Amino acid sequence: MKKICTCCQAEFEISSGGANQCSVKCFLFARMDKSGGPNSCWPWTGPKNKTGYGAYHPKRNKTINAHRAVFKEFVCDIPDSILVRHTCDNPSCVNPSHLLSGTNKDNTNDMISRGRHIDGRKKIIGENTSRAKLTEKQVLEIRSLKDTQMNIAKKYGMSRGAIRLILNRTNWSHI
Ligand SMILES: [Zn+2]
Ligand SMILES: [Zn+2]
């Protein structure tokens, strides 16, 4: 049967009645909410997955992120090893001009610079941890003291166990 594509208005031939667009490109384009104008985010109007990304089903049992499908159709047909990331930090956005290709590392750097990701290592060691009551200077001081663990603990208002962990380098092992 013949149909008119709701996106590009071209006539196309289809065996079963399902699709209203002539191509993947038209299918994706018809599901971008472009009402905000060319520079704003274009939310995906199709289904979304749990993490807020648009869900696109190229085949019956296959789902890929809509912004990835859009990037491949409208920008560059990248291989699977390359990620597509948002410059706008809006998971459902499929405006091709808000999408960039990159590696996993780029993506992590992005998240760190936007403060969405806490660097696990920094959180555990050193003065950056919220649990740290001591400065690095004090830790070095504690290690240089020739006093009993009990006395050092009293001096710094800490438990003897905590002092022991510093002296045997279980804690603050990085300095
Ligand atoms: Zn079309
Ligand atoms: Zn956007």
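Modeller: Start with Cys41, which, apart from neighbours within four places in sequence, is in contact with Gly36, Cys88, Asn90, Cys93, Asn95 and His98. Keep in mind that this is a predicted model.

Biologist: What makes Cys88 a contact of Cys41?

Modeller: The cut-off is 7 Å between C-beta atoms placed from the backbone. Cys88 is listed among the contacts of Cys41, so the pair meets that cut-off.

Biologist: Where is Cys41 found?

Modeller: Cys41 lies in the loop between α1 (24-29) and β3 (55-59). Its C-alpha is 8.7 Å from that of Ser92, and the two are 51 residues apart in sequence.

Biologist: Why is Cys41 called partly exposed?

Modeller: Cys41 has 18 other C-beta atoms within 10 Å. A buried residue needs 20 or more and an exposed one has 12 or fewer. The count of 18 falls in between, so Cys41 is partly exposed.

Biologist: How much of the protein chain is buried?

Modeller: Buried residues are 19% of the 175 residues in the protein chain. Of the contacts with a separation of 6 or more, 32% join residues 24 or more positions apart.

Biologist: Which elements make up the protein chain?

Modeller: The chain has 7 helices and 6 strands. From the N terminus, their order is β-β-α-β-β-α-β-β-α-α-α-α-α.

Biologist: Which residues have the most contacts inside the largest nonpolar core?

Modeller: They are Leu28, Met32, Ala66, Ala69, Val70 and Val94, in a core of 18 residues. Two or more residues of this core come from each of α1 and α2 (66-74). Setting aside neighbours within four places in sequence, Met32 is in contact with Trp42, Trp44 and Val94. A second, separate core has 6 residues, including Val139, Ile142, Ile163 and Ile166.

Biologist: Why are α5 and α7 called roughly perpendicular?

Modeller: The axes of α5 (residues 136-144) and α7 (residues 160-167) cross at roughly 90 degrees and come within 10 Å. Angles of 65 to 115 degrees count as roughly perpendicular, and therefore the term applies to α5 and α7.

Biologist: Which residues make the contact between α5 and α7?

Modeller: Val139, Ile142 and Arg143 of α5 meet Ile163, Ile166 and Leu167 of α7.

Biologist: How many of the residues in the contact of α5 with α7 are nonpolar?

Modeller: There are 5 nonpolar residues, no polar ones and 1 charged residue.

Definitions and conventions: Residues are numbered from 1 along each chain as its sequence is written. Chains are lettered from A and ligands numbered from 1 in the order in which they are written. This is a predicted model: local features need pLDDT of at least 70, side-chain atom pairs count only at pLDDT 80 or more; totals for chains, interfaces and linings use all residues. Axes are lines fitted to C-alpha atoms, for helices over the stretch in contact, and angles run from 0 to 180 degrees between N-to-C directions. Helices (H or I, at least four residues) and strands (E, at least two) are DSSP runs, numbered from the N terminus. Angles under 35 degrees count as roughly parallel, over 145 as roughly antiparallel, 65 to 115 as roughly perpendicular and the rest as oblique. Two residues are in contact if their C-beta atoms, placed from the backbone, lie within 7 Å. Ala, Val, Leu, Ile, Met, Phe, Trp, Tyr, Cys and Pro count as nonpolar, Asp, Glu, Lys and Arg as charged, and the others, Gly among them, as polar. A nonpolar core is a set of buried Ala, Val, Leu, Ile, Met, Phe, Trp, Tyr and Cys residues joined through C-beta atoms within 7 Å.
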